[in-house]
Amino acid sequence: MLIFKKMTMKKINNLILVCGLIFIGFSCEDATDIFPEGNLTSDVTFETLDDLQLGLNGAYARYSPEDDILINSVFTDNCKPGYDNGGQEINFYNWALTAGDGNTTSLWNSNYRLINQCNRVLEASDLITASGEAEQTELNNIKGQLLTLRAIGHLTLASYFTTDYLDGDALSIIISDRVPGTSETLPRNTNSEVYSFIANDLNTASTLLSDQSDNKYVSQDLVTGLKARLALLQNDSSALTHAQTLIDAYPLAGQLQYLSMFLDTDNTEVIFKAARTSGLVGGLWYFTNSAGPFIEASNSLHDAHDPADIRLFANINFNTNNGGPSEPENNIHLINKYPGNASPFLSDIKAMRVSEMYLIKAEAQVNANNLDGAAATLKVLRDARLGTSTSLDSYISQTQAYDAVLKERRLELAFEGHRYLDIKRFKDRLNTGINRDDLDCVSGGNCVMLPSDHRLTLPIPQVELNANPSIVQNPGYAN
Amino acid sequence: MQNNTFFDNLKLRASYGTSGNDRITGGYYGGTTNTYNLYGQGTGYNNTVAYYASSIANDDLKWETNKQTNIGIDFSILNRKLSGSIDVYDKTTEDLFQSFPVSSINGTNSIQANIGSLNNRGAELSLNWQAINSGDFSVSIFANGSYNKNEITKLPNGENVDNGGRTILAEGQPIGSLFAVRWAGVNPANGQNLYYDVDGNVTDVYSEDDRVFIDKAIYPTYQGGFGFNSTWKNFTLDTQFSFVADIYRNNGSLGVIEDPTLTSLSNSSTSLLDAWQQPGDVTYIPALSTESIRNRLTDRYIEDASFLRLRNITLGYNLGNLLKEGSPISKMKVFVQAENLITWSKWRGWDPESSFRSGDFFDYPTSKIFTIGLDVNF
């Protein structure tokens with residue numbers, strides 16, 4: 001009886017021990033691997049082509065040319081403070097540019113957010129196997145669009161943050177070709193590394209993209225245009241070839257078509273536009289509720305137009321909507337590039353138009369010292385904008401021809417995100433920086449920025465310096 | 001204690017405990033998904049739906065652990081007319097959970113991470129005193145206060161953590177320490193702004209490299225309140241004061257109205273009348289031709305936001321004795337009350353009281369509220 005009792009106790013003890021161990025085994029797993037039910041982890045987010053398309057939709061949404069439009073307008077001679085200004089963008093307009101600058105930080109962050117989103121979806125796309133030819137084409141097309149958008153992110157950043165486009169060894173930006181670990185701190189790559197990375201993405205994209213004609217999405221034509229821009233930064237003669245391909249494919253808009261284009265009702269010369277269904281682009285310069293401008297077009301931009309030039313009416317508002325009309329005699333010049341159609345100030349952003357290809361072609365011709373060719377190219381564009389046959393320029397020097405190209409770019413691409421970068425690219429050719437009209441800098445800002453000024457290259461933002469000990473600031477800026 | 005006539009009640013409390021912080025991101029169970037790469041749905045391009053990264057994994061996260069020692073005394077004396085409690089504590093937080101900067105290639109500028117250790121030491125005092133209680137006149141006075149000193153004791157590699165902004169984290173400094181370039185006033189020779197460099201030499205060049213700790217933080221050392229409740233015949237008068245001391249923040253609103261580049265654009269302070277005009281002028285307002293420096297990380301507008309505020313004062317009259325016998329109303333009282341009636345502070349902004357932040361910029365002030373009321377009990 002006693003023995004039996006002992007054995008039973010022992011058995012019971014063992015049973016408890018075994019049960020306990022099993023329980024511990026289960027409970028440990030439960031405690032350390034609490035899978036977030038209902039949450040979208042990486043592996044369950046991207047399982048199908050449709051999922052990748054949703055990721056791609058996010059990449060498009062991360063593309064933010066608004067940053068370019070703001071920087072290139074407010075910082076340059078194309079703008080002045082508006083009559084409704086209560087301090088908005090005044091420091092930036094006054095060239096108070098430090099590593100803490102908000103617009104620079106926004107540009108840096110939004111392009112790296114775009115690149116990061118592309119990398120996430122690209123990495124996910126590598127794990128998806130297409131079944132059949134149709135699916136493979138779709139998968140390739142998604143990858144091609146992602147690579148193009150990633151190239152746009154890198155090309156945009158590289159344009160602002162390198163000190164010298166033509167020096168292959170000069171510091172450019174950080175190449176981000178994959179989803180990084182949070183503790184990674186990468187140094188800046190050189191210009192030649194970045195240029196070849198972008199070229200590689202664009203070339204791969206060309207082989208993957210399907211043919212499509214909706215200019216709200218990445219197309220082969222956009223890739224060709226980006227190649228032209230990339231080549232232009234490097235004074236590479238292939239800029240001309242790529243530009244010519246698009247010139248042959250797209251007609252220039254007539255005068256009425258030109259105005260309709262900025263009302264989003266004409267696409268004659270639009271190669272790529274960023275569709276906007278919310279987020280008023282005009283809000284970059286206006287209190288959109290009252291249509292009161294805190295930033296206006298400058299006197300010097302207004303005065304640079306021929307009165308018959310249709311671009312005057314696309315750049316400056318002489319209509320009665322959106323707070324208009326402008327009153328140049330009273331120093332009121334309202335920016336009109338994003339007037340909106342259905343709702344005020346809500347316009348698609350025309351991010352690449354064929355007219356830019358004429359300007360790239362002309363610049364490449366000047367690079368090659370083909371001054372008559374450049375004059376002829378500019379004449380085609382001017383004829384379209386003035387609606388008449390204009391006189392053919394005759395340049396006596398490369399400098400004079402560069403000057404003509406820069407002036408034409410200013411009129412054609414005003415408020416489309418080019419002016420600051422154009423001045424930066426032309427500053428050594430023309431030995432000139434930013435020159436504001438006296439009327440445009442009355443509020444205490446300086447009127448002249450010399451071509452040697454360090455602020456013609458943007459500072460690496462403070463947020464990056466704080467996180468990344470490997471990064472080097474551009475000259476002239478404090479760390 | 002039985003034979004002790006001085007104390008009516010005396011209790012000594014002591015505790016030590018270790019606990020995990022389940023409110024690391026403010027709310028309960030806030031950071032439970034921070035170890036995962038997560039995606040969320042959002043609005044995509046051109047009226048589509050899209051997937052975005054919503055959480056970037058930090059797979060190295062640990063519990064934030066608090067080790068707290070507490071010693072306290074509860075007492076009452078003088079026939080329970082004076083009672084109160086005193087507590088002192090020492091709380092060490094290990095694996096402190098804070099925002100930590102990451103490179104923008106991650107698509108964000110910071111993640112939540114365990115980055116160091118923090119120590120809090122302090123004392124809390126609470127007192128209640130029935131000062132007068134004779135017939136139809138009574139006064140009781142109450143007060144409570146706390147003192148807290150905190151210090152970051154450990155950070156990764158001992159290096160400062162700078163997320164941008166006016167405060168940074170550094171070993172040996174309290175959390176929320178203001179880190180600024182010291183503004184040295186106006187150069188009498190030319191009206192330009194002067195600064196102290198990191199070694200204390202005067203310079204006219206602003207550089208964020210010259211930021212130093214100015215021994216000021218955005219969290220207060222002292223907080224508390226006091227007041228009294230009194231009755232005289234049918235009248236009642238109650239007050240409550242609150243105070244916060246040794247707290248600093250940037251007065252961004254003042255920066256705007258003293259900004260020389262905004263004079264033609266917004267309302268300006270009359271202090272600009274004192275602006276530097278000619279060589280030799282000694283003033284604290286730079287020449288009107290100088291650039292805007294209000295957004296620079298200087299201490300020019302960092303101000304003492306300590307305050308003492310009459311939070312509540314209520315005068316009441318009890319109508320109980322006017323009621324007829326057998327009335328369904330058991331009690332009736334009329335009162336007038338004012339909230340936030342008077343504030344004493346050196347702060348030059350609208351309202352020194354705020355949640356703890358590094359700067360004010362046209363923040364909505366606490367309103368004064370006047371109430372006239374009638375309390376009826378059935």
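Me: How many residues of chain B are in contact with chain A, and what makes them count as being in contact?

Reply: In this predicted model, 43 residues of chain B are in contact with 47 residues of chain A; they count because contact requires C-beta atoms, placed from the backbone, to lie within 7 Å.

Me: Which strands of chain B each supply at least two residues of the side that touches chain A, and which gives the most?

Reply: The strands β2 (38–43) and β3 (49–55) of chain B each supply at least two residues of that side, and β3(B) gives the most, with five residues.

Me: How do the residues of the side of chain B that touches chain A divide by kind?

Reply: The residues of that side divide into 17 nonpolar, 22 polar and four charged, where Gly is counted among the polar ones.

Me: Why are β1 of chain A and β2(B) said to pair?

Reply: Pairing needs at least two bridges between the strands, and β1 (residues 40–41) of chain A and β2(B) have two bridges, in the antiparallel sense, so they meet the condition. As for a bridge partner, A:Leu40 has B:Tyr39 in β2(B).

Me: What makes β10 and β12 of chain B edge strands?

Reply: Three strands of chain B form an open sheet in the order β10-β11-β12, with antiparallel pairing, and β10 (183–186) and β12 (202–203) each pair on one side only.

Me: How do you know that β11 and β12 of chain B pair?

Reply: Two bridges join β11 (residues 193–196) of chain B to β12(B), and the strands run antiparallel; since at least two bridges are required, they pair. In β12(B), B:Thr203 is the bridge partner of B:Tyr195.

Notes:
Residues are numbered from 1 along each chain as its sequence is written. Chains are lettered from A and ligands numbered from 1 in the order in which they are written. This is a predicted model: local features need pLDDT of at least 70, side-chain atom pairs count only at pLDDT 80 or more; totals for chains, interfaces and linings use all residues. Two residues are in contact if their C-beta atoms, placed from the backbone, lie within 7 Å. Helices (H or I, at least four residues) and strands (E, at least two) are DSSP runs, numbered from the N terminus.
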